[in-house]
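These are my notes from going through a model I had not opened before. I wrote down each thing as I looked it up.

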Amino acid sequence: MNKDKVLQLLEENARYSYEEMGVMLGIPADEVEKIVAQLEKEGIIRGYKVIVDRDKLKENVVSAIIELKVTPKRDLGFDEIAEKITQYPEVEDLYLMSGGYDLALLISCETFKDIAMFVAQRLATLDSVLSTATHFVLCRYKEKGLDVHFSQTDERRNVWY
Amino acid sequence: MDYSKILSDRVQEIKPSGIRKYFDIANSMEDVIALGVGEPDFKTPWIVRAAAIDTLEKGKTSYTSNSGLELLRKAIAHYLSSKFGVEYDPEKEVVVTVGGSEGIDICIRALLNPGDEVLIVEPCYVAYAPIIELTGGKVVPIPTKAENHFRLTPEELRAHITDKTKLLILPYPNNPTGGVMRREHLEAIAEVLRDTDIMVLSDEIYAELTYNGRHVSFAAIPGMKERTILVNGFSKAFSMTGWRLGYACGPAPVIAQMTKIHQFAIMCAPTTSQHAAVEALRRCEENIQSMVQEYDRRRRYIVDGFNKLGLDCFEPEGAFYIFPSIQSTGMTSDEFCEKLLYSKRVAVVPGTAFGASGEGFVRVSYSYSIKHIQEALRRIGEFLQELRG
Ligand SMILES: Cc1ncc(COP(=O)(O)O)c(C=O)c1O
C-alpha cells in the first residue's frame with residue numbers, strides 16, 4: 001500500500017519532499033502529496049516535529065519520568081486527570097500504564113528545582129493523585145528511534161570490489 | 001635477494017587492482033563521501049549473530065565435514081529450490097565455501113587445463129581474470145554495451161566462442177553495472193550453448209538484490225543445469241561479508257573435484273559462520289525483504305539524481321551499483337574519478353577497473369544512507385557546474 005510506504009518514509013525523515021518520496025517509491029509527486037493530505041485529514045499524521053540533541057545546546061535542560069498513582073473517577077476513569085495533565089506544556093509524553101502505577105509522564109524543565117516544584121505544586125495537588133515517584137534522566141541514548149548519543153561509524157573501508 | 005626472480009611468474013604478471021589507487025587516496029583524506037564500497041551497510045540480522053554466539057557458548061568450535069555442515073547443505077538446497085526452482089542434492093551437489101570468492105576459485109581451478117579459454121562478460125567483477133591466469137587459462141573478454149543494459153547477447157557470445165572455449169562466466173546481477181538478465185535473455189544464451197560442451201560459472205551472489213521482478217537462475221533454464229556451476233553466498237543477501245561464507249552447486253563430478261581442492265586448500269568453511277548461516281536461511285526472509293526495499297528506494301533516488309545531473313544512467317535492476325556514463329564531461333573514467341576525489345572529496349570507481357569496456361563510465365555504490373547519497377549528489381552537482389563553467 002502506497003499509504004504505508006509514504007508513512008514509513010515520513011517516519012524515517014519527515015523532511016523528504018513529495019518529489020523525493022515519489023522518486024523513491026516510483027509514484028508521481030502529486031500522488032504522494034494527495035496521500036499525505038489524506039493522512040493529515042484522517043488525523044493519522046498528527047504533526048511534524050524536530051528531534052533535538054539537547055545536550056549539544058548550551059541551555060540547561062533536566063528531564064524526569066514521573067509515575068503517578070491516582071484514584072480513577074466514576075464514569076470518567078483516568079481521562080479526566082489525563083486531560084488536565086496533558087495541558088501542561090512541560091509534559092512531553094503521557095501514558096496510562098498497566099502494573100504498579102497508573103500514569104507515566106515525561107517532563108522537561110530548566111532545573112531540578114523546576115521539576116520538584118512542578119511535582120509538588122501541579123501534580124501532587126490534583127485531588128485524585130495518591131502518590132508520585134520522580135526519576136531523573138541521567139543520559140539520553142536513543143529518542144524516537146534515533147541514536148542520539150553514540151555516533152555509529154562506517155567501518156567499511158577495506159574492500160571496494 | 002632479487003625476489004622478482006624467485007616469485008612465480010604467473011603471480012607477478014597479475015596486474016594490481018585498478019581500484020587500489022583511489023582507495024588509498026580516499027582513505028588518506030578527511031571528510032570524504034565515499035560511494036566506493038561493494039558491501040552492504042546493514043549489520044548482519046541480529047538473530048543470525050545471536051545464533052553464532054549461541055554455538056560459541058555451546059563450544060561448537062571444531063571443523064565441520066569438508067563440504068560443510070549437513071544441516072547447512074540441506075538448508076541451501078531447500079532455499080535454492082524454493083526461491084529459484086533449482087534442485088540440488090545436498091549430499092553430492094553442494095559445497096560450502098569461504099565466500100562466493102572461493103567458489104569462483106575452485107570452480108575455475110577444477111575445470112581448466114592450460115590454454116583453455118574462458119569467456120568473461122565485461123565489465124565485471126575483478127576476481128575472475130586473475131584466477132583464470134593463475135590456472136594457465138586464457139581470458140577472453142566479451143565487452144557488453146550500455147545500450148543493452150550491459151547484458152550479454154547471443155550474438156556477442158557466439159562471436160567469441162572457439163574450439164578452445166571451456167567456460168563462460170555469467171555474472172548477473174552484475175557488479176559493476178547493476179545489469180540483470182531476465183529469463184528471455186538467459187534463454188537466448190542457453191540456445192547458443194545447448195549443443196556445445198561449454199560450462200557456465202553463474203555468479204549469482206546478488207540474486208536476492210533484484211528489483212522490478214525476481215531473479216532467474218541460469219541453472220533453472222531447461223537443459224542448463226548439467227553445465228552450470230552456481231555460485232552464491234551470504235555476503236550480499238544477508239549482509240554477512242565478514243563471515244566469509246558462500247557455496248557452489250553443480251553436477252556431482254564437478255563438485256567432487258572442487259571439494260577435493262577445497263579439502264586441501266581450506267579444510268572447511270568457518271564453523272561459526274556455517275551455524276549462523278543455517279539460521280539466516282531459515283529465519284531471515286523478512287530481513288532480506290526490508291533490506292531489498294531500502295536498496296530499491298536508494299536505487300530509484302540515485303538513478304534519478306544522476307540523470308538530473310546530466311550523467312546518463314540506464315535503470316540498473318540488480319545489485320547495489322549504478323553505472324552512469326560520464327562521457328558528456330569529455331573526461332576519461334580515470335580523470336573523472338581523480339578530479340572528483342581531489343576537488344569535491346567524493347569517491348567513485350572508474351569503470352575501467354572492471355574491464356576496458358568500462359571506459360566512459362563510473363561505478364557508484366548505493367549501499368549508503370539516503371542522507372549520504374544526498375550529500376554526494378550535491379557535491380557532484382557542484383563539480384559538474386564548475387566543469388561546465
Ligand atoms: C560479483 C561478485 N561475485 C563474488 C563476490 C565475492 O563475495 P564473497 O566472497 O564475499 O561471497 C563479490 C564481492 O564483491 C562480487 O561482487
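**Entry 1: B:Q374.** I listed what B:Q374 touches beyond its neighbours within four places in sequence, and found A:Y16, A:E20 and B:Y301. I note here that the model is a predicted one. B:Q374 sits in helix α14 of chain B, which covers residues 370-388. Is B:Q374 buried or exposed, or something in between? Its relative accessibility is 26%, so I put it down as partly exposed, since that class lies between under 20% for buried and over 50% for exposed. I also took one distance: B:T153 is 221 residues from B:Q374 in sequence, and their C-alpha atoms are 35 Å apart.

**Entry 2: chain A.** I counted five helices and six strands in chain A. Along the sequence they come in the order α-α-α-β-α-β-β-α-β-β-β. I then checked the radius of gyration, which is 21 Å for chain A, while the globule rule gives 15 Å for 161 residues. Chain A is therefore more spread out than a compact globule. The box around its C-alpha atoms, along the principal axes, is roughly 60 × 45 × 30 Å. Of its 161 residues, 29% are buried. Its accessible surface is about 11,200 Å², and carbon and sulfur atoms hold 51% of that. Chain A has 21 positive and 29 negative charges, and I found their mean positions 2 Å apart.

**Entry 3: chain B overall.** I repeated the steps for chain B and got 14 helices and 12 strands. Its radius of gyration is 21 Å, which agrees with the value near 21 Å for a compact globule of 389 residues. The C-alpha box is roughly 65 × 55 × 55 Å along the principal axes. Buried residues make up 59% of the chain. For contacts in chain B with a separation of 6 or more, 75% join residues 24 or more positions apart. Chain B exposes about 16,000 Å², 52% of it from carbon and sulfur atoms.

**Entry 4: the cores.** Which residues touch the most other members of the largest nonpolar core? I noted B:L72, B:I76, B:L80, B:F234, B:F238, B:F336 and B:V348, in a core of 91 residues. Helix α12 of chain B, residues 285-308, gives this core its largest share, with eight residues. A separate second core has 31 residues, among them B:I106, B:I169, B:V254 and B:F354. Going back to B:F234, I looked up its contacts outside four places in sequence; they include B:L72, B:S239, B:Y247 and B:L281.

**Entry 5: backbone exceptions.** Most residues other than glycine have a negative phi, and most peptide bonds are trans. I looked for departures from this. B:S239, a contact of B:F234, has a phi near 55°. B:S239 lies in the loop between β7 and β8 of chain B and is buried, at 5% relative accessible area. B:A319 also has a positive phi, near 55°. I placed B:A319 in the loop between α12 and β9 of chain B, and it counts as buried because its relative accessibility is 0%.

Where are the cis bonds? One runs from B:E122 to B:P123, with omega near 0°, and B:P123 is in the loop between β3 and α7 of chain B. Another joins B:Y172 and B:P173, with omega about -10°. B:P173 is in the loop between β5 and α9 of chain B.

Methods: Residues are numbered from 1 along each chain as its sequence is written. Chains are lettered from A and ligands numbered from 1 in the order in which they are written. This is a predicted model: local features need pLDDT of at least 70, side-chain atom pairs count only at pLDDT 80 or more; totals for chains, interfaces and linings use all residues. Side-chain values use heavy atoms; hydrogens and water are left out. Helices (H or I, at least four residues) and strands (E, at least two) are DSSP runs, numbered from the N terminus. The radius of gyration is taken over C-alpha atoms; the globule rule is 2.2 Å times the number of residues to the power 0.38. Buried means under 20% relative accessible area, exposed over 50%, partly exposed in between (1.4 Å probe, protein chains only). Contact means heavy atoms within 4.5 Å. Accessible areas come from the Shrake-Rupley method with a 1.4 Å probe; for residues, only the protein chains shown count as cover. A nonpolar core is a set of buried Ala, Val, Leu, Ile, Met, Phe, Trp, Tyr and Cys residues joined through side-chain atoms within 4.5 Å. Lys and Arg count as positive and Asp and Glu as negative; His and the chain ends are not counted. The place of a charge is taken as NZ of Lys, CZ of Arg, CG of Asp or CD of Glu.
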